[in-house]
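Open the model in a viewer and keep the selection tool at hand. The stops below are meant to be taken in order.

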Amino acid sequence: MHRGMGDAACEFNPEVDGFGDQKMKGRSWDLSVLIRAGRAVLLGRQPVLSIEITRECPLRCPGCYAFEPGHLGKAGPLRQLSDLQGEALVSGVLELVNRFRPVHVSIVGGEPLVRYRELNILLPQLSGLGVEVQFVTSAVLPIPTSWRELPNLHLAVSVDGLQPEHDRRRAPATYERILKHIAGHRLNVHCTITRQLLKPPGYLEEFAAFWSEREEIRKIWFSLYTPQEGERSEERLTPQDRVKAVEELSRLRARFKKIDLPQGALESYLRPPASPEECIFAQTTLCVSADLATRITPCQFGGNPVCTECGCMVSAGLVAIGRHKVAGLIRVSDIYSFSRRLGEQLGVDGRTAA
Ligand code: SF4
Ligand code: SF4
């Protein structure tokens, strides 16, 4: 995929699924989507399915959580997991979708474009089923032009900063290749903010200006780097860095209209969930790895992520929504937790991948 350093935030499309802040203002937020998702939870299902569709990736990005040794726990490293190809992959994914009936599917990797032949068959079928699909890529390979016709497909490309830094970290998915491969498409760009990106003054502003001018880009997303327990890395943000990032993004979102970061989500970066149990995103997303059987826990990051330093954009957006009160009375997070408990008591359990 390109999941950058913890940029699984873009595995889920808040706009499509009605979780963007534009939908939280007054009556404009999409209650029906929340109800559909809540209904799935009540039935013991997780409304979002995230699939690492391949273990392969031609990139070696520093800080990539997918290829950390602990990503899949006892199942071993992702690169050693068996993965499916051809008809087995297409039917395997469709079987998962039929079994779990998600509202939304995120396709990530590895780099999912390495399976473009299978995806040329699979994506139209998912579209025919009415499933919203978020596809996250490094754009290291061309994005098939036929995908432009798929109404339920939402593309996101991961970019790690401006060209010099990005090209150093993400070759061979360089700026030159990305710009060539996204030409004619409409998609979102996603950047995970690491410590390095906060150091040069005006860096994020320059990034926002560059991508705002590209006609292919619909929205610009920013996540914060999410570390694993015990991690000491150049990417990890300090508490002061997080405050600085939120202040900077609050300023930039007012200036660059393509930045899609609800103020509530931004504030949630400073108050993330304390644990996976408190994380609506983790509780409502079933994450499956490349053999289509191994579950990734506790969330898409796998391993042992530091929830209190979570920078996942979608998790933050859902925290903001969870704190929102329906009709000014009941918090959305309480509705989800009630539905989940009720589903469990009814003995309905669709939570295992295999
Ligand atoms: S492009 Fe590949 S190496 Fe880079 S972050 Fe994504 S999965 Fe990891
Ligand atoms: S809060 Fe924790 S469980 Fe939720 S997405 Fe972030 S790291 Fe994962």
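Which of the 15 residues around ligand 2 come nearest? Select ligand 2 and look for C279, C299, P305, C307 and C310, which come nearest among the residues around this ligand. The shell as a whole holds 13 nonpolar residues, two polar ones and no charged ones. Keep in mind while selecting that this is a predicted model.

Next, go to the largest nonpolar core, which has 84 residues. I51, V157 and F281 have the most contacts inside this core. Colour helix α11, residues 313-322, to see the element that gives the most to the core, with seven residues. Then select I51: leaving aside neighbours within four places in sequence, I51 is in contact with V93, L96, V105, I107 and V288.

Now select helix α7, residues 203-212. The buried residues of α7 are L204, F207, A208 and W211. These residues lie on the same side of α7 because they cover an arc of only 95 degrees around the axis. An α-helix has 3.6 residues a turn, so residues three or four places apart point the same way. To see what the buried residues of α7 pack against, show β5 (187-193), α6 (195-198), β6 (217-224) and α8 (239-255).

The last stop is Y175, in helix α5 (residues 175-182). Beyond its neighbours within four places in sequence, Y175 is in contact with Q163, H166 and D167. A distance to draw is the one between the C-alpha atoms of Y175 and L162: 8.5 Å, for residues 13 apart along the chain.

Terms used: Residues are numbered from 1 along each chain as its sequence is written. Chains are lettered from A and ligands numbered from 1 in the order in which they are written. This is a predicted model: local features need pLDDT of at least 70, side-chain atom pairs count only at pLDDT 80 or more; totals for chains, interfaces and linings use all residues. A residue is buried if 20 or more other C-beta atoms lie within 10 Å of its own, exposed if 12 or fewer, and partly exposed in between; C-beta atoms are placed from the backbone. Helices (H or I, at least four residues) and strands (E, at least two) are DSSP runs, numbered from the N terminus. The arc is that of the directions from the helix axis to the C-beta atoms. Two residues are in contact if their C-beta atoms, placed from the backbone, lie within 7 Å. A residue is near a molecule or strand if its C-beta atom, placed from the backbone, lies within 6 Å of it. Ala, Val, Leu, Ile, Met, Phe, Trp, Tyr, Cys and Pro count as nonpolar, Asp, Glu, Lys and Arg as charged, and the others, Gly among them, as polar. A nonpolar core is a set of buried Ala, Val, Leu, Ile, Met, Phe, Trp, Tyr and Cys residues joined through C-beta atoms within 7 Å.
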